[in-house]
Amino acid sequence: MTHANDVRHWMRPGTLQLQSLPPLSLYIHLPWCLKKCPYCDFNSHEWSATAAEGESMPEQRYLDALRADLEASLPLIWGRTVHSVFIGGGTPSLFSPEAIDRLLADVRARLRLDADAEITLEANPGTFEKDRFRAFRQAGVTRLSIGVQSFNDAHLKALGRVHDRAQAMAAVEEAARSFDTFNLDLMYALPGQTIADLEADVRTALAFSPPHLSVYHLTLEPNTYFAKYPPTLPPEDEAWAMLDRITELTGAAGLERYEVSAYARAGHRCAHNLNYWQFGDYLGIGAGAHSKLSFAHRVARPVRVREPRLYMERALAGNAVASAEEVKRAELPFEFMLNALRLREGFELQRFMERTGLPLSSIEPALKQALEKGLIERDTTRVWPTERGFDFLSDLQALFLP
Ligand SMILES: C[S@@+](CC[C@H](N)C(=O)[O-])C[C@H]1O[C@@H](n2cnc3c(N)ncnc32)[C@H](O)[C@@H]1O
Ligand code: SF4
């Protein structure tokens, strides 16, 4: 990709008119896991499957590659402040606290980070020894996101997870001790799960008073082991009943469902994910990372080389980007709605114009249809999904397809 980091290429004239650039976040992908989970379609790789006997994870080389990747990208975000950082995976907690410390130092030396920037790190139970989370905190991480998935040993096993209930509890306890704010990821509609099982999982999670919960419906993604050998999942009506229980139980515990899958106590919404949902910009570095970057006349979506070893080689040679498409004018409304309609509070009409550079007339017919179908409500300044819109979100979003 010769033009990927060439700012003149992205700055040339075009038909869109963005009056201002949106807030910018940084995503950093750390691609390795102890074991690949059968449902997972993220860019995550079992280190031991590609390594020679006894070869350890190439932490320093990967950090060198990230640094080179970031440096090569700087011209595209010159002068812009970064409001949040998310270190995701993969299993970032496999990296040592010293490595995370170096990573954040590398970032701070090259980017202007907001003084109170949220810096999240994804951590898996079963990948830490005592005091590791505290050391991540000392390295500058402000928020931990723990991939619990379930507290039920039978379901964790069915999901192919490396951890058990006891390790999940220990990880959450340690997170609560070390961090002012943290998130737990749970999944529901798991193989063999009953409504009572789900309720037990949610109650266990809530017993830790988590400031934030993310609860995802388990989906069978193409190209995963589960797609090839599908497990028996609870019927659809039971999955809906589970979602109702989740919303009730979290609501009673003071967590608000502010996004389709995200529940938070006041003041603990995830700033980084909010920026995605508000169609903000993000630079994504690391293997397979996606970016969304706005310029005065276009929105670009660069993607890094996916395979970790090739990524390191290419990033160190200053050439980490595999493709860099421009979002087509006609596709911008749908791309915006894919994100904005996930939020309970929806979006400001003004924001749509700011972020896409398009006039409101480009979405008026679809808004009218959505209103007639009872999928959204609107006033003079905002649009937001109704309960029904939340339940049939993909139908609602599809109204904005080109
Ligand atoms: C980037 S992933 C990985 C985080 C971390 N490595 C872990 O597995 O705990 C973030 C979250 O997405 C959710 N997730 C992953 N695959 C999923 C699937 N097929 N269906 C629903 N949720 C999924 C899981 O809850 C997971 O914690
Ligand atoms: S640990 Fe997380 S990222 Fe790794 S394979 Fe499992 S679900 Fe995917």
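Buried means under 20% relative accessible area, exposed means over 50%, and partly exposed lies in between (1.4 Å probe, protein chains only). The model is predicted: local features need pLDDT of at least 70, side-chain atom pairs count only at pLDDT 80 or more, and totals for chains, interfaces and linings use all residues. Residues are numbered from 1 along each chain as its sequence is written, chains are lettered from A and ligands numbered from 1 in the order in which they are written, and side-chain values use heavy atoms, with hydrogens and water left out.

**Exercise 1. Residues with positive phi**

Task: Classify Asn 223 and Ala 189 as buried or exposed.

Solution: 
- Step 1. Take Asn 223. Its phi is positive, about 65°, although the residue is not a glycine.
- Step 2. Helices (H or I, at least four residues) and strands (E, at least two) are DSSP runs, numbered from the N terminus.
- Step 3. Apply the cut-off. Asn 223 has a relative accessible area of 80%, so it is exposed.
- Step 4. Take Ala 189. It is not a glycine either, yet its phi is positive, about 60°. Its loop runs between β7 and α8.
- Step 5. Apply the cut-off again. Ala 189 has 2% relative accessibility, so it counts as buried.

**Exercise 2. Salt bridges inside helices**

Task: Find how many residues separate Glu 174 and Arg 177 in helix α7. Then do the like for Arg 203 and Glu 199 in helix α8.

Solution: 
- Step 1. A salt bridge is a side-chain nitrogen of Lys or Arg within 4 Å of a carboxyl oxygen of Asp or Glu. The structure holds 25 of these salt bridges.
- Step 2. Check Glu 174 and Arg 177. Their closest N and O atoms are 3.1 Å apart, and the pair forms a salt bridge.
- Step 3. Count along helix α7 (residues 165-178). The two are 3 residues apart, so about one helical turn separates Glu 174 from Arg 177.
- Step 4. Glu 174 is buried at 2%. Arg 177 is partly exposed at 49%.
- Step 5. Move to Arg 203 and Glu 199. Their side chains form a salt bridge at 3.0 Å, N to O.
- Step 6. Count along helix α8 (residues 195-207). Arg 203 and Glu 199 are 4 residues apart, about one turn of the helix.
- Step 7. Arg 203 is partly exposed at 45%. Glu 199 is buried at 18%.

**Exercise 3. A salt bridge between strands, and a network**

Task: State which strands hold Glu 348 and Arg 382. Then name the residues linked in a network of salt bridges.

Solution: 
- Step 1. Start with the distance. The side chains of Glu 348 and Arg 382 form a salt bridge at 3.4 Å, N to O.
- Step 2. Locate both ends. Glu 348 is in strand β15 (residues 347-348) and Arg 382 is in strand β17 (residues 382-385). They are 34 residues apart, and the pair links distant parts of the chain.
- Step 3. Read the accessibility. Glu 348 is partly exposed at 31%. Arg 382 is partly exposed at 22%.
- Step 4. Turn to the network. Salt bridges link Asp 64, Arg 67, Arg 102 and Asp 106.

**Exercise 4. The shell around ligand 1**

Task: Work out which residues come nearest to ligand 1 and how much of its area the protein buries.

Solution: 
- Step 1. Set the limit. A residue is near a molecule or strand if one of its heavy atoms lies within 4 Å of it.
- Step 2. List the nearest. Of 17 residues around ligand 1, these are Gly 90, Gln 149, Arg 161, Asp 185 and Thr 219.
- Step 3. Look at side-chain N or O atoms. One in Gln 149 is 2.7 Å from an oxygen atom of ligand 1. One in Arg 161 is 2.8 Å from an oxygen atom of ligand 1.
- Step 4. Look at the backbone. A backbone N or O atom of Thr 219 is 3.0 Å from a nitrogen atom of ligand 1.
- Step 5. Read the area. Ligand 1 alone exposes 560 Å², and the protein buries 89% of that. Accessible areas come from the Shrake-Rupley method with a 1.4 Å probe; for residues, only the protein chains shown count as cover.
- Step 6. Find the strands. β6 (143-149), β7 (181-188) and β8 (212-217) each supply at least two residues of the shell.

Definitions and conventions. A polar contact is a pair of N or O atoms within 3.5 Å; within protein, one must be able to donate a hydrogen and the other to accept it, and residues adjacent in sequence count only if both atoms are side-chain atoms.
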